Amino acid sequence: VLKLIEERRSEHGLRFFLAHLTPELLMQALSALRERDLDTGLSRNPWSFSFSLCVEADVRKGAAILPNLPAVWPMHAPPAPPRPLLAAVDEDDEVPKRQRMWLTDGELMPFSMSRRRPQPLAGLAPPSQLRDSSWPQLAFDPAAALEEDREERTSCTVDAYAALAGSESDAVALWNAGNADLSIKENATSNSHLVEQMEALPSPSATLPLEAIHFVDSAQGLSHVLTFFQQAAPAYIGIDLEWSDPQPVSIIQIATPSRAFVLDCVNRTPLYMSVLHYLMDYLLKREATTKLFFGFPHDLVRLNMLFGPLGRTFGSQDYIASVLDLYTQRVRRVQVRKPRDEDTPLGREILMGEALKAEDLEEIARVGEEPLPPYPMEEYSEQAFTVGGHQSLSRLVDTYLGETLNKQYRVSNWNFRPLSTLQVLYAATDAHVLLRLEAAMRKEKVLPQRTWGVSYRDSQQPSWWRPVDPPDCE
């Protein structure tokens, strides 16, 4: 028996065997475990020798050789502890699956599938009507919205940016009273910056009226939004996503220069998801409309997680056209004065090399015979410098707009319905500020360096990135 136990090196088996021996047999067994080789004097089995010393020490102290015998023998697995009760949203037991990531030459935003626990608004914002009142479910009429966008607003409505900052919180009392008309404050100053053409970006100082924010959570409302974009599609739109685990996407924000739409993604009915996918497919495919994202690869993964269970994804390049990511690096083109190439030694070497490559003998003779002037003549030229990239949205807004963007409501719970007024205002302004930021960056000649979904197609493309002489496509 000792030989079999030594082969398996079973500590429990050896203690069980020794615990059932009489004291005389126990001493004989311990001496057998400590048996040494007569020729070398080494122990026969180092494991048996060291373990016998431990057992002898327990016997001399009066401790049990096999403690807790009922709990150890027979060797049954202990019962599993009961699992704690999990709430529906705040606590989830989600098994992460392998997700496909769309790498973009090092421009991928830091992406993680780790759980992000939502926090209640009570810990993020002070008590106010914005925080404690829900967003009013106002009907959206695409025909009336298009008519309002074509006309000039004569009254100064409540600005969403000012309301989110807390200076216009008293205006929300009109919604609680059942009054849907929010055009309440007459202003003698000019309000022409609110009137933006559908073909251009808004002003960097543009505002977003409260009545221009629409929360959509029905298939009929989505169809009205789709009609609005099909009848007068803007040249630029801002798109952003918000989510709280376990939902891949909780809401989708789409902002135009004059309006903002907050689309509910918790409503998972087949009809609603079908219309939502058709709307996103229409916008992402349209090349005449430039989509502004912040961290586009990350948002693309989230969109595919949302529509993947339905068998609809945006994986191929045909689903993506004219997408700008404000997270990536950009280019600033600056007019500088520099000497002419003909008036500097290095410039002449460049001209001589080009002439030799083209085998232009007349140019070689002209460059070699003309003497260098004592003072080179200067001319204007354009140089491109790489600007920014991989900066947070708050830092970009502070740099180009001179405003402070509060991002603390990003960690609020976006799955609870109805959403509070504060959450809808934050979501709408988070997408609308992308348009203002793009306008401010273009105003300072900071232009995009790359575009997702660029291809030579028959449909109309934005003129700012379309090359003058596109290559011949067969």
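Tutor: Before we start, buried means under 20% relative accessible area, exposed over 50%, and partly exposed in between, using a 1.4 Å probe and protein chains only. This is a predicted model, where local features need pLDDT of at least 70, side-chain atom pairs count only at pLDDT 80 or more, and totals for chains, interfaces and linings use all residues. Residues are numbered from 1 along each chain as its sequence is written, and side-chain values use heavy atoms, leaving out hydrogens and water.

Student: Okay, which residues of helix α2 are buried?

Tutor: H12, L14, R15 and L18, in a helix that covers residues 11-19. Helices here are DSSP runs of H or I with at least four residues, strands are E runs of at least two, and both are numbered from the N terminus.

Student: Why do they line one face of the helix?

Tutor: Looking down the axis of α2, the buried residues fall within an arc of 165°, so they sit along one face. That arc is taken from the directions from the helix axis to the C-beta atoms.

Student: New topic. Where is Y272, and is it buried or exposed?

Tutor: Y272 belongs to helix α11, residues 270-285. Y272 is buried, at a relative accessible area of 1%.

Student: What is Y272 in contact with?

Tutor: Leaving aside neighbours within four places in sequence, its contacts (heavy atoms within 4.5 Å) include V216, L222, L263 and N267.

Student: How far is S223 from Y272?

Tutor: Their C-alpha atoms are separated by 9.6 Å, though the two residues are 49 residues apart along the chain.
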